[in-house]
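The following report looks at one residue and its surroundings, and then turns to the chains as a whole. Please keep the sequence and the model in view while reading.

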Amino acid sequence: MRRMDAVTVSGLRKTYGKTVAVDGLDLRVKAGQVFGMLGPNGAGKTTTVEILVGLRTRDAGEVSVLGMDPAREGREVRSRIGVQLQARGLYPRLTVKEIVTLFASFYDRALPVDEVIEQVGLTAKARTVVRALSGGQAQRLGVALAMINDADLVFLDEPTTGLDPQARRGLWDVIRGIRSRGKTVFLTTHYMDEAERLCDNVAVVDHGKIIAFGSPSDLISEHFEEQAIEFSNSVSRDREKFEKLPGVTRARLSENAATLYTRDVPATMTALMQLATGDDIHIDDVVVRRATLEDVFLKLTGRRIRE
Amino acid sequence: MRTFWQLVLANARDIGRDKMSLFWFLAFPVLFILLFGFIFSNEGTPTYDVGIVYNSGNPLADGLVKGVSAVPVFKVHTGDREGELQALKKGKRSLVVEALSPSFATMAGGDPLKVQVYYNETQPTARQVLLPVMEQLLSEAERRMTGRPKVFDLVAEPVQSSDLRMVDFLLAGILAMALMQLGLFGAMRAVSLREQKILKSLGATPLRRSLLLVSEVVVRIGMALIQTFLIVLIGYAVFHVKILGSWLALLGAVLLGALTFVSMGYMLAAFPRTEEAGIGLVQMVQFPMMFLSGIFFPVEIMPSFLRPVVNAMPLSYLADLLRQIMVAAPPEYSIATDIAVLGGWAMASFVVAARFWRWE
Ligand SMILES: Nc1ncnc2c1ncn2[C@@H]1O[C@H](COP(=O)(O)OP(=O)(O)O)[C@@H](O)[C@H]1O
Ligand SMILES: [Mg+2]
């Protein structure tokens with residue numbers, strides 16, 4: 001019972017008029033994990049979350065959240081989960097503490113208000129009205145409201161969007177804290193590094209479909225044995241020339257940068273340097289790195305995740 | 001229950017910290033009462049200055065002074081003929097009366113005693129109202145002197161309240177208006193909660209939406225009671241308006257009125273997407289009601305083609321009901337009609353609101 005799937009979705013579909021927001025989605029979220037739904041804007045992440053928490057109806061497919069169907073048992077589902085919506089609003093003239101206290105009153109098993117405020121690092125702002133919070137503070141208040149119910153499953157829709165790097169890292173710690181208490185986290189993001197570092201499992205979505213599913217490291221090694229060499233390049237548009245270099249499997253050229261995926265970093269680097277001196281190609285800011293989820297997304301869709 | 005009170009508290013705080021809405025809710029009706037109250041309270045019962053030419057040696061002059069002074073609306077001045085006529089010309093007197101010295105013929109018992117009355121022709125009230133009063137006064141005096149028995153005895157008895165002043169009339173109307181604005185504009189808060197996605201946030205919790213709605217309505221009713229208290233208090237303290245009807249009836253009428261307009265407000269709130277559009281819509285509804293339902297102008301002076309409009313407006317009935325209860329004003333409609341029409345509006349609005357309501 002404890003280790004059953006927290007969320008299962010199969011064949012989920014949702015259209016708005018002619019827009020297909022979710023196009024036959026299958027998901028499985030194991031209990032006790034941080035699960036990440038990763039995809040660009042408009043991929044259908046918010047729509048999926050709102051269907052899972054019973055805020056929207058679905059057109060087709062099967063959905064189970066903690067063993068229940070949110071379309072039929074929405075209130076019961078919502079009483080056993082915590083939710084942070086991406087598009088949300090709060091009474092502007094209430095203080096942080098008043099809002100969290102109000103939300104705590106909605107649940108039978110609520111955590112102590114001050115403790116939750118402390119966990120998201122808003123203790124100093126407890127008496128500040130919502131209106132006066134910065135974007136990052138409002139975002140953390142949203143997470144606090146999702147955490148106030150002592151629930152087994154927490155939905156966070158793009159919890160770190162718009163935060164500065166430091167605030168994002170702070171929120172990652174909060175999310176890891178939720179997992180360490182044995183809870184399941186379902187989060188959406190369009191940050192690759194976030195998915196890679198934070199999530200146990202990731203579903204990469206695009207245009208309402210899953211294009212890859214698995215743990216971040218599995219996903220990367222499944223798609224890339226190679227490492228990536230990146231450099232700025234504003235001269236050569238000749239992809240074939242780069243792909244002929246030793247060890248290189250694929251080359252990507254963008255406006256002023258190039259990425260070479262290689263099985264043999266030293267061999268490729270040596271050849272690249274020769275090319276640079278001989279052909280008069282200007283190469284700068286060279287970085288060697290492992291492939292990332294960004295590379296996976298690029299490979300699968302031909303686009304970067306954030307345009 | 002804990003959830004419910006938390007919601008009520010949250011609403012009350014959110015509204016209470018909004019300076020603008022506090023102004024409309026508390027200061028605005030009070031300013032209205034003070035403004036209109038002072039404008040109309042000067043206009044109490046009119047008095048007329050009556051000058052009596054007092055020439056000593058005329059036995060009738062004393063009797064005249066006594067008789068005229070007994071009429072409450074007359075303020076008696078005495079003086080010589082020249083002076084009083086001068087005052088009449090300057091508009092300081094409405095009427096100047098002079099008992100002419102009895103002539104020889106009179107002494108002989110032939111001609112009647114002559115009482116000369118001067119009035120200012122440019123003042124129509126003098127001729128239309130004061131002359132008949134004087135005449136009445138004299139014939140009464142004559143009857144007493146001759147000892148003729150009275151054939152008719154006019155017994156005047158007010159059927160309505162003591163005397164209804166303009167302020168009494170206005171106070172109840174302004175209370176009705178305040179309740180209307182509270183209900184209509186108050187419901188626009190729901191549009192703003194929807195527009196700001198606050199309803200959506202609450203929708204992601206197990207909170208029952210009906211509970212949310214009830215808590216909003218309860219806060220509105222609470223505000224209605226505060227408003228009523230304030231308006232009645234100011235009416236009493238500043239303008240000495242006493243509540244003639246029972247407090248229970250007043251409470252009932254206020255609750256019914258508040259419910260009706262809250263209900264109407266939610267009906268109007270069902271349609272607009274933004275609070276701004278909603279306020280525009282409410283203005284379109286509340287302005288005609290404010291001016292056409294007999295709060296500031298009596299319904300009688302309105303052209304007859306507007307009567308059907310007046311008769312359709314719930315505010316006409318709430319104002320009428322409150323006037324009857326608070327200051328025992330003469331009824332425009334019967335109390336039963338008032339209650340039925342208000343109840344009907346409340347129900348109809350509720351049905352429309354429930355049918356077209358959107359949470360997001
Ligand atoms: N209420 C709506 N009405 C019409 N189209 C919508 C609505 N909500 C979302 N969409 C569309 O559905 C698609 C998926 O949106 P969304 O689920 O918000 O994606 P994401 O959260 O991944 O950015 C987008 O093309 C969006 O424009
Ligand atoms: Mg989204």
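Leaving aside neighbours within four places in sequence, B:Ser316 is in contact (heavy atoms within 4.5 Å) with B:Ser293, B:Val310 and B:Tyr333. This is a predicted model, in which local features need pLDDT of at least 70 and side-chain atom pairs count only at pLDDT 80 or more, whereas totals for chains, interfaces and linings use all residues. Residues are numbered from 1 along each chain as its sequence is written, chains are lettered from A and ligands numbered from 1 in the order in which they are written, and side-chain values use heavy atoms, with hydrogens and water left out.

The side chain of B:Ser316 also reaches the backbone oxygen of B:Val310 at 2.8 Å. B:Ser316 belongs to helix H13 of chain B, residues 314–327, where helices are DSSP runs of H or I with at least four residues, strands are runs of E with at least two, and both are numbered from the N terminus. With a relative accessible area of 3%, B:Ser316 is buried, a term that stands for under 20% relative accessible area with a 1.4 Å probe, protein chains only.

| Domain of chain B | Residues |
|---|---|
| Domain 1 | 7–41 + 165–356 |
| Domain 2 | 48–146 |

The C-alpha centres of domain 1 and domain 2 of chain B lie 54 Å apart.

Chain A has 11 helices and 13 strands, and its C-alpha trace spans about 70 × 45 × 40 Å along its principal axes. Of the 307 residues in chain A, 53% are buried.

How values were computed:
Buried < 20%, exposed > 50% of the residue type's maximum accessible area, 1.4 Å probe, protein only. Polar contact = N/O pair within 3.5 Å; in protein donor to acceptor, adjacent residues only side chain to side chain. Domains from an automatic or database assignment.
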